[in-house]
Structure formats: C-alpha cells, structure tokens
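Student: Could we go through this structure together and check what the labels really rest on?

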Protein chains: 4
Amino acid sequence: MAEMTAADVTTQRRRSRLHQYLYRVIFEADTPAGRAFDILLILAIVASVVAVMLDSVPRIRRAIGGWLSVAEWVFTILFSVEYLLRLYASPGRLRYARSFFGIIDLLALAPTYLSVLLPGGHYLLVVRVLRVLRVFRVLKLAKYVAEAELIVAALKASGRKIAVFLFAVLSIVVVVGSMIYLIEGDESGFISIPLSVYWAIVTLTTVGYGDISPQTPLGQTLAALIMILGYGLIAVPTGLVSMEISLALSRHQKRLCPACGTSESDPDAKFCRRCAADLHGTKKGA
Amino acid sequence: MAEMTAADVTTQRRRSRLHQYLYRVIFEADTPAGRAFDILLILAIVASVVAVMLDSVPRIRRAIGGWLSVAEWVFTILFSVEYLLRLYASPGRLRYARSFFGIIDLLALAPTYLSVLLPGGHYLLVVRVLRVLRVFRVLKLAKYVAEAELIVAALKASGRKIAVFLFAVLSIVVVVGSMIYLIEGDESGFISIPLSVYWAIVTLTTVGYGDISPQTPLGQTLAALIMILGYGLIAVPTGLVSMEISLALSRHQKRLCPACGTSESDPDAKFCRRCAADLHGTKKGA
Amino acid sequence: MAEMTAADVTTQRRRSRLHQYLYRVIFEADTPAGRAFDILLILAIVASVVAVMLDSVPRIRRAIGGWLSVAEWVFTILFSVEYLLRLYASPGRLRYARSFFGIIDLLALAPTYLSVLLPGGHYLLVVRVLRVLRVFRVLKLAKYVAEAELIVAALKASGRKIAVFLFAVLSIVVVVGSMIYLIEGDESGFISIPLSVYWAIVTLTTVGYGDISPQTPLGQTLAALIMILGYGLIAVPTGLVSMEISLALSRHQKRLCPACGTSESDPDAKFCRRCAADLHGTKKGA
Amino acid sequence: MAEMTAADVTTQRRRSRLHQYLYRVIFEADTPAGRAFDILLILAIVASVVAVMLDSVPRIRRAIGGWLSVAEWVFTILFSVEYLLRLYASPGRLRYARSFFGIIDLLALAPTYLSVLLPGGHYLLVVRVLRVLRVFRVLKLAKYVAEAELIVAALKASGRKIAVFLFAVLSIVVVVGSMIYLIEGDESGFISIPLSVYWAIVTLTTVGYGDISPQTPLGQTLAALIMILGYGLIAVPTGLVSMEISLALSRHQKRLCPACGTSESDPDAKFCRRCAADLHGTKKGA
C-alpha cells in the first residue's frame, strides 16, 4: 500500500513534471484530480463486474449479450491503459507489478485477452472460468478505504489463535463426520466420509442445508451434540477478535506527551500525568 | 426527536393555553394526559397493524373482511386527526412535517386514501402494495422508547467500520458466487452468477435454505470454506459493536467533579479522588 | 430462593427438632443428608422426564407402555409426598406455595392427577397436553446451581436494552414480511402476511428452514438484505450481554477494605489504597 | 502435556545417552532432529487420515482400494514402532501409557489390528467402526500447537458458567419440544417427543435443516419464539468466553516489578510506576 519510502520521494522529485503529476492523480487521492480519478475508476470497476454478472443470466444474455460483450472489451481496454499508466507512473515499476494490487490488476485483465488466444470448442468452459476471474477486479476497491486497517490489524493479531481454533474445528468435523458415516450409512445419504465431513461442517457452522440429514435416533443425537457444540464454539473466535479489536483501538487512541513522551490511554486526560504538559493537538486517533 | 429548542420554548410560552396544552399531551409524556395519549396511540397502532396482517389471511378475510375494512378506515381517520393536531400543536409546523416521524406518519396514512383514488381492476395489486406500507406505522413506536439511544449511538460510532466489513463480505460473496457458478453450473441449480451470489449470501450468513446446494466434491469444498469463513467472520461486527457499546456506556456513566473537573468512572466513588469534593448530584447517567 | 430471612431463622429455632431437621434436609444442601436428598431428587426428576419422553415414541409405548405408566404414578406419588413435606417444613408455608418453585412443583404434579379426573374420548388430547406439562419438572433442577446467578444478573441488567432490540427486530420482520408477501405472492408459498413474517423471522435469525423461500430476483435481493442484516444484528445483544457480564463480574470481584470500606477492583491489590489495611481474607468473589 | 517434573529430569540424567537422545527427539521439539521428527509425524498422521477418508468413497475404493489398504498397514506399522519408542523413551513408562495422548495413540492403532482378529461377514460393519476410529490420530496434532493453551484456559475458567448455560438450553428444548409435539402432532412429522426435542435443538441453534418444520399457525408462532430466543441466547456464551479470554490475556501480559512486586498491565511501561526499577527482562507474556 505504502508504495513510496522517503528515498523514493527524493528520486521522484527529480523526475519530470508529467511523471509527478500522473503519480499524484493515479496513486494518491488528496488532490481534486486524484479523487475524481479514483471515483471514476471505482464506478468503472463496479459497472464491469455488474456486466459480467448480467452476462451469466440466460434471459439477459439473449437480449443484450452483444452489448455486454462490447462493454467488456471497452472496460478491458480502459483498465489496460490504466495498468500501463500505473507501471509508468510508479517510482519503482517492478515494485508495483509485484505488489498485491499489481497482481490483482493483472489478473483482472488477463481473462478477456485469454478468451481470444484460446478459441475452439472444448476450451470454451475454461474461457468462462478465466472471464469470471475478472470479478477479482472488485477487490481493488478495498484499497480506497482506510478504516479497514483496524479490522485487519485485529485479525492479524488474533491470527495464530484463530488458526488453532480452525484446526480444532477441522479435527472435530473429521471425527464427527466419520462417526455419522458409520451410524447412518448410505441409506440416509451419507455415502462417503468426505461427504459426511461436509455435512458435519454444514451442521457445526449452523448453516443446515437439509440436503443430507440423519434419520436414525443415534445419528440425530450426534447431530444435536455437534449443533450445540457449534452454537457454543462461535464464542471463541468472537471473544478473541473482540479482545484484539479492543486492544487495537486502545493502542490507536493512545496519546504521547509532546514534552516527555509518556503514553496516556485515558481519553479524558488533558495534561501529562508526568510533566503536566498540555496533551491537546497531539491526539493520534480519530 | 428534540422538536423544541430554547428559542421555541420562549415562543411557545406566548401562545394560547390550548396550543400549549395540546403540545404537552401530544408531544410530551411527562403529564398523566400525555402518557395516556401515548399509550392509547401505541395500542391503536398495534391494532391497526394486526388488522392489516389478518386481512391478508384468505380464511380470515372471507370471514371478517368487511369488519377489517371498517377498522382500517376508522384507524386511518383517527390517525389523520392525530396528524393534523400534531401539525397544529408543533411549534414549527414544517419542522414536524419534515422530521423523520412526520414523514413516517404521513406514509402510514397515504395507502388507504390512495386505494380510493386509484380504483380499477389492474391497479388492485398496486393498491395492495400501498396498503401494506401502512405497517410502517409500527415504526412510530420506536420514538417512545428512550433506551434505544445507547444502541443507536454504538451502531453509529461503529458505522464506518461495519461499512468496511459489509463491503468485504460483498466482495467475498461476488467472487465465491462466480466461482461456484463455474464449478457447479446449471445442473445443480446455479443457473446464473446473481443467483449464485444469492446462494453465497445464504451460505456465508449461515442461513442455509437448501433450495440450491452444491453437488460436486469441488463445489462442496468451496461451500465448506465459505461456511467456516462466515462462521468465523461474525466475530468482526460482534467485536466492533461490543467495544462501541462498552465505550458508549462508560461515557454514559462517567461523572465530572463539580469542583476540579476530574472525570470519575467508578460508580461507587462518593468523593473526587483529587480534591475530595462531593460527587453526588452531578451524575450524568441514568 | 432465599426462603428464610433473619426473623424467620429466629422463629425456626424455637420449633421442634423434627421440623428443623426436615428443613435442613429438604431445603438446604450443606449436610450429608441434605446433599443426598438433593441428588436423589435430581435423579428422580430426570428419570420421570425421560419416562414421559419415551412414552411418546410409538414403538416404545407398544413395548413397555404399561411399565412407563406405572413409573409415572410412582414418581407422581413420590413428588406429591415431597411437596407436602416441603409445605410442612417451610417456615412460611404459604411463602413456599406462592414462590416460583412452589408453583413449578405443583404444575409438575397436576397433569397426572388431572388425567384421572378428566376421562372420556375427546378429552384425551387435553389430558396429553397436561401430561406433557410434567416436563416443567426439569426446571426444578435450576435451583441447585449457584453459578446461574451471574448470568441471570447480567441478563436482568441488560433486560431493557434487549427489549428495545427485540422490538426493533419485530418491527423489521413485520415490514420485511409484508414486503416479501407483495413481491412473491401465493405462487412461492407466501400465502399471507403472518406466514411471510414467520419466514422473515426464520431468515433474520439465520435458521433458514427452506420450506418457503423467495423465487423472484427482487424477493431474493430482499432476502439477501435481511440475511446480512440478521448476520450483523446479532452483534447487538452479544455486545450488550458481554458488557453486562463483564460489569457483573467486576462487581462480583470487588473487595471492600475491612478497615475503612473503600472498594478495590484491582485483583492484584494487597493493601487498601486509602488506609493501607491488609485486604486478604475479605475477598467476596469465588 | 508436562510429562517431566524436576525429579524426573534428575532420574533422566542418570540414564543412558541413547535413552536421553530418543527422549529429546520424540518428546521435545527444541532440537533440529526433534523438530524434523514432529513435522514428519504430523505429515504421516494427515496422510493416514486422508487415506481412510478416501477409502470410504466408493469410486476411489474401486480404483485404488488395494493401494490404500497397503498404505493403511504401512502407517499402522510406523505408528506402532513410534508407540513402542515412546513407551521406551518416556521416563515413566506407565505415565505415558496412561496419559491422554498415550491413550489416543493406542486408540489410533487398535482398529487396523482388530480388523485382522475379527474376520467374517457380519463383523465387517463393526470392523469399519473400529477402522474409522483411526481418525482420532488427527487429535495428536493438537499437542504441537502452543497457542491452544490460552483458549483452553479461557474455556476451563468459564466451564461452570457454560455448563449452567447448556443446562438451561437443554431445559428449554425439552419443554419446547414437548409443546410442539402436542401442537403439531404426527401429520407435520413430529412423531415423538425425542424427535421434537431434536427439532427444537435444530431450531434453537439456528441450524434449521427443514426436514421437519411446523405447519400450524400456533406451531409456527412457537417456532418463531424459540428462533428469536436462540438468536439472542448466543450472546451468553459469547459474553462469558469474551470476558474469560480477556482476563486470561491480561494475566498473561501482566509483569511484576523485580524490585517491589507492583504489577504492571500496560505493555508500554518501561519502568515500575512505584520505584522506577527497569521492567525489561521480566515480561511473562509472548
């Protein structure tokens, strides 16, 4: 995200004015032109995703499939120009190309071009897969929202604990899936352990499709146990993330005394509790 | 909600006694007459909503449809009188008409009158739509409950973070919906990307109707992943709202020392921990 | 629960030794005999509930219906004797009879006796209703668990806020139910507004039976919105209860200085922050 | 888990070098050899579980059932050797055999051997039960993850409160299940109280299979009530676990001043707030 370090900024200043101007418009959003560019880009991304989605509805495809195909090519060409401009304007070109959004941007372009290079009957389905990958373009929107950082920070901090939790859940569904496979068997639709594990996940997460459900008293008892377990287990990730969000926010809202550097977490504090310096104007949080 | 500012109160005092009395009865609830008016109004609103609901049940309509129609007109006339009285009694008439509840109150009246102005065979369905809008009247109840403020404050404070979360959820269901459309296809009922995105929402939110469900091993694996994701993701809004409610409440319960301004969050504290001044009589919370 | 005040205890002491002994055994659990009585009672309650449940399974009823009927009468007579002993041993007899558990105890006895007083063909179904009320006996177990108090205290404290939340949920399901009734209509199974409101509750609470589900794109869009709303709204009661449990526990763990009465919430504190008296041995929490 | 006390360590030091080396490799993970052993073991466990799962899919069994059978025997022999080495290397042999993982390890071996001892037609199903128990081997993975301790500590601390909650849930589903059995009866599929209680669990936990669902207005009203109850009740375990995780973490992160023993929970603190001693090097948390 932070595609410029202090050194890059120095290099950048020595470059041509056009280069600098493009950088500001494309990568930053603190000038009127930059903000207009970002808003137009977001609208184009949403429009292109909607076009791909509508194209998949048989009735709409028959009616306006040609126009949607044209729209797709227009969007693809616009996004290609945008990609080349980004490559040119970025201080370190390879850094952009290898960054998370550089790869997403490329993935969002590839399917349309590949649908030309790979013609022929039995490749059609593959082409469809590639075309739909264009909806990854929607993920580009995420970078325009600053508020996401707090959530991501909290999720990262609780990442290892959530991994342990997910592993425990996985163990439970494998064991319970195997047990229900033996209890219920083929007649109730539990035709293999992997399918039974799938059922256990459907049940533990309280989704409950009902396409497969236990029919014997013993199977229903086991199902009831895993439901109550799933109902209670949700408390664990919720508790972990709640705590991490609370910690992330308290760090966020902490202020440092401008005179002596003492950190202050009380939002009511007006003066440093060490040196009595005024704390106002130094608040970090929103 | 606070339909009177200090200036309005002054203007109000100079008006006729009837005007003042009506204002107290209709807009306030701190006199016996005002409280009786509010309770009667709530009962009438609930009765009118129940009448509309019963009218939609074929068996009940055949039996007592005529009476329900009469009841609807009686309620509509009563609420119309109430609306006119509110307009008259409100210090700033246009302010009431343009306020949130002024608009709701009008919307709750319109459908019955429009059902007269728009007669004829094929308009019947439209009239039904308009009639059912009368249930919005139920929303008027909300203004009589003070406790809602804390919840609303917490939701507002976490609003931007929840918007980011909802956007992330939307991105996930669009991408996963497209992937399942390609994996499963028409045979399993995934006939278009919008329908597949609907399925992804049904699954991620752990609703799980089961009207459409994946049949291939790959599709079931993807479904299992999105279920576990949805099961874990719920922790994010829960954590955000928990924290905001906790912050809103601690702000609510905080007291300031009347002598030196030190804030005190301990509900047991009797004296200021700085200057020993008596803290009673300055409590802000309920 | 606290069926004896200080005054009652004084009265009690003047009574006969048998009376006192019975009170200790039946109402208290801090003597070996009292504990044995409570454990036997719990086992009898669970056994009688299991007997009622098994009696409803057609296959089991055919096989051992007679024995279950005998068991029901044995349990009913035992519980009747227990009820009379409680009435006799209780310091204030009417107080027990009018207490929550006094009423539950009576309700748990009544159905069996009523099944004798009300014979005859078409009354049988009514008798079955009354018999099943016997499972309320299971609620008697709750009084033996002390840990429930913390949860109940937290739920009571957040009661008004949860009521506001439930009212908001009710408003939403009434409005959404009416809208889906107009959008979908009879063909999709939404045959009346009450049934559509039922569907809205099934969807908002993420239960998702799938017996009724929207078939039109507009209906599915509305369903998707209410699913995401329900998925996010759960954060509100969770946040409220989390906070109240946390408050209830911190009150629970608070210690008072034995010398000056200052309350201390820091679990690490060893000495009073006012008068430096030793805080150990005065901890209130478990 | 902590299979060595200080006394054991002393005994261990006097033993042969081979014994010591084996102990380090098999039971510990802080040497390169020990870590390599653990990683290989985890991979072998996962591979053997996958083999059992694949063996249950009819199509895969027909194709490569023979190879899967060979793989099962190879894994069983490897794990048997591992079990004997653990018995030999463990300072107290019986202590390992009687420890939680000692029993799990044995259970993970038994099914394959028992499938030889119990041949014959009608025992096949039993053998299948035993074979599937091998997936318990997957639980062995849990011991390699340190992060699990915090979660387990929080769950243990809130164990009694969660037990009370589960008991309350059980009471509710028994009472509601009996009521719906009387309201709906056989025609809607509620053929016995145990099955109706199963339905009540499916509904309260918001799983909602939809294989059985109420058809009468009264039954649907009761179902709606239990859904809203289940939707709200989830807040209780979530609140309990949130609080316990928060307490467990704050205990985890607390540091004691090496000079005066004052506890410090602020992770930013560098010096004791009482005596200004340096706090670094005494941090307990990770």
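This is a predicted model: local features need pLDDT of at least 70, side-chain atom pairs count only at pLDDT 80 or more; totals for chains, interfaces and linings use all residues.

Student: Why is Thr238(A) called buried?

Tutor: Buried means under 20% relative accessible area, exposed over 50%, and partly exposed in between (1.4 Å probe, protein chains only). Thr238(A) has a relative accessible area of 3%, so it is buried.

Student: Where is Thr238(A) found, and in which helix?

Tutor: It's in helix H13 of chain A, residues 235–253; a helix here is a DSSP run of H or I with at least four residues, a strand a run of E with at least two, both numbered from the N terminus. Chain A has 13 helices and 2 strands.

Student: What does Thr238(A) touch?

Tutor: Contact means heavy atoms within 4.5 Å. Skipping neighbours within four places in sequence, Thr238(A) meets Ala235(B), Thr238(B), Thr238(D) and Ser242(D).

Student: Why does Ser192(D) count as buried?

Tutor: Its relative accessible area is 7%, so Ser192(D) falls on the buried side of the cut-off. Ser192(D) sits in the loop between helix H10 (159–184) and helix H11 (193–204) of chain D. Not counting residues up to four places away in sequence, it touches Ser56(C), Val57(C), Pro58(C) and Tyr181(D).

Student: How far is the backbone nitrogen of Leu195(D) from a polar atom of the side chain of Ser192(D)?

Tutor: That distance is 3.4 Å.

Student: And what makes the nonpolar surface patch?

Tutor: Trp73(D), Ile77(D), Val81(D), Leu85(D), Tyr113(D) and Val116(D) make it, over about 500 Å². Helix H4 (58–89) and helix H7 (110–117) of chain D each give two or more residues, and H4(D) gives the most, with 4. Patch residues have over 30% relative accessible area and no salt bridge (a Lys or Arg side-chain nitrogen within 4 Å of an Asp or Glu carboxyl oxygen); nonpolar side chains (Val, Leu, Ile, Met, Phe, Trp, Tyr) are joined within 5 Å, like charges within 9 Å.

Student: Why is Val81(D) called partly exposed?

Tutor: Val81(D), in helix H4 of chain D, has 44% relative accessibility, so it counts as partly exposed.

Definitions and conventions:
Residues are numbered from 1 along each chain as its sequence is written. Chains are lettered from A and ligands numbered from 1 in the order in which they are written. Side-chain values use heavy atoms; hydrogens and water are left out. A polar contact is a pair of N or O atoms within 3.5 Å; within protein, one must be able to donate a hydrogen and the other to accept it, and residues adjacent in sequence count only if both atoms are side-chain atoms. Accessible areas come from the Shrake-Rupley method with a 1.4 Å probe; for residues, only the protein chains shown count as cover.
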